[in-house]
Amino acid sequence: MKPVSNGLRPRSIAGLLNFMPYVFQPNQSRGLDATFHFTFTGAEKREATITIKNRTLNIQDGLVGNSDMHVTADSNTWLGFLAKEKSLPLALLTRKIRLRGNPKLLLAFGKCFPSTGTRHEQVEVLPQPSKLRREPLLYQKNDPATGKIRWRGKLTLAEVEDVTHNVKTLRFKPPHGGPIPFNYLPGQFLTLHIAPRGIPIKRSYTIVSTPTWRDRIEITVKREDQGLVSRWLHDELRTGDEVEIEAPNGSFIFSGKEADSVVLIGGGVGITPMMSVARYLTETSWPGKAYLILGFRAPRDFIFRNEISELRTRNANLSVTVTMTRPGDEPWSGAVGRIDATLLASAVPDIATRRVHICGPPLMMDATKAVLVELGVPDTQIKTEAFGTVKRDPTAKGAASTEVAGKVVFQASDTTAPVPVGATILDVADEAGVFIDNACRSGTCGSCRVKLVSGSVRMAVEEALTEEDRAEGYILACQARIQGDAKVDA
């Protein structure tokens, strides 16, 4: 017998912050409405803001807003205190832990988490061979932006709004009311798990609503004549229907913390992530300067035209520039032409000093990025996002090469498969029946992020990988083409 405890006894601050949501006891937090700032010093430096309100827990990196209690603590001392290995009074006397605020709040905070219980003598547990054969574990991961495990479930289509002649906004709500069951950041996307015509498909769409709207989630979709999913969403999905949704995902975000000013460039339906950001910055009264640069073919294609006018009126820090490439005979008094160097330089002063987000058709984004680099914007300050950059017909199969580049070992699935020249690891996984999560298949969503155990690969697009991902050996299966034999954790 080995006694165990469900209390907090982490050995690192990172582990503590990651573990807290799983042991938080909502009923014990009844009546508590407070924000706690934590500054950890010493061996593991970290700042965090923890808010407990309405029996919910929210953890953010950094010191956000005003706090009711500020705790400054040596990291090892704080972890020892939580594990009942160090004395809080002694730590306060030696100033290893310092408090600013009402100490009763800290006591109330502690009641929201289970006690570590009594320490027991270590009992050696000898492993025994099991006769059970478990199924291979599916690859799971947290959303890289929020740090939370992605939610998956059904939401109801509550409303549909015609935005232009071929663009609709679909508004989803929980089936039984209440707030949406996940948090997200402006610029992230969700993934629909649907089966139009009986064909199982996953398709990702930017969340166009702002995180401040807690009762609904919205996507804005352009109807494509050859688009299986967009036609289904426009023509067949009805109000009241339930749709399986996975969210959130994506690192193409701007919440105001990333820079003190931002340029948001959208081409056509690429306005969607920019609209989420613009709404959020306006509703949170962000003090920085935001420049919204939009390009459409003609005035009839101008998505969110009326609301953008309202946002400009509400937000003095929001500058809006819109250009049309082919206005034709439609009334239009604004700029005409593409988003080029002249337009950008005139619309955004000191553009080289600003962070820039671009979303739109691939050719438009490539051209705009080249112009920005010419204007002096550092490449590291240019963020891009695109979907639909690859063939999306789920029934179509490309002609596979007969030449073999090597073999790939799917470690968790105990499967080995040959890799044709030109095929990606995700292509091979599909053929071999190995599950690897995926959505965009164009290297931007990050759903197919897996760890490369051995071997080497080359990737045409790596936008969804962070520097930490690359350092830890993660790759994008939809982009990874092997160079010799390889092994992945999938």
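Reader: What is the accessible surface of the chain, and what share belongs to carbon and sulfur atoms?

Author: In this predicted model, the accessible surface of the chain comes to about 25,400 Å². Carbon and sulfur atoms hold 49% of that surface.

Reader: What percentage of the 490 residues counts as buried?

Author: Buried means under 20% relative accessible area. Of the 490 residues, 46% count as buried.

Reader: Why is helix α5 called largely enclosed?

Author: Helix α5 spans residues 228–235, and six of its eight residues are buried, so the rest of the structure largely encloses it. The buried residues are Leu 228, Val 229, Ser 230, Trp 232, Leu 233 and His 234. They pack against β7 (167–173), β8 (189–194), β9 (201–206) and β10 (217–222).

Reader: What makes β3 and β5 edge strands in the open sheet of five strands?

Author: The order of that sheet is β3-β2-β1-β4-β5, with mixed pairing. Strands β3 (56–61) and β5 (97–101) each pair on one side only, and they are the edge strands.

Reader: How do you know that β4 and β5 pair?

Author: Pairing requires at least two bridges between two strands. Five bridges join β4 (residues 69–74) to β5, and the two run antiparallel; the pair therefore meets the criterion. One of the bridges links Ala 73 with Ile 97 of β5.

Reader: Which strands does helix α4 touch where it packs on the sheet?

Author: Helix α4 (residues 103–111) touches β1, β2, β4 and β5. Its direction makes about 90° with that of β1.

Notes
Residues numbered from 1 in each chain as written. Predicted model: local features only at pLDDT ≥ 70, side-chain atom pairs only at ≥ 80, totals over all residues. Heavy atoms only, no water. Buried < 20%, exposed > 50% of the residue type's maximum accessible area, 1.4 Å probe, protein only. Helix = DSSP H or I, 4+ residues; strand = E, 2+ residues; numbered from the N terminus. Contact = heavy atoms within 4.5 Å. Areas by Shrake-Rupley, 256 points an atom, 1.4 Å probe, with all protein chains shown as cover. Axes fitted to C-alpha atoms, helices over the stretch in contact; angles between N-to-C directions.
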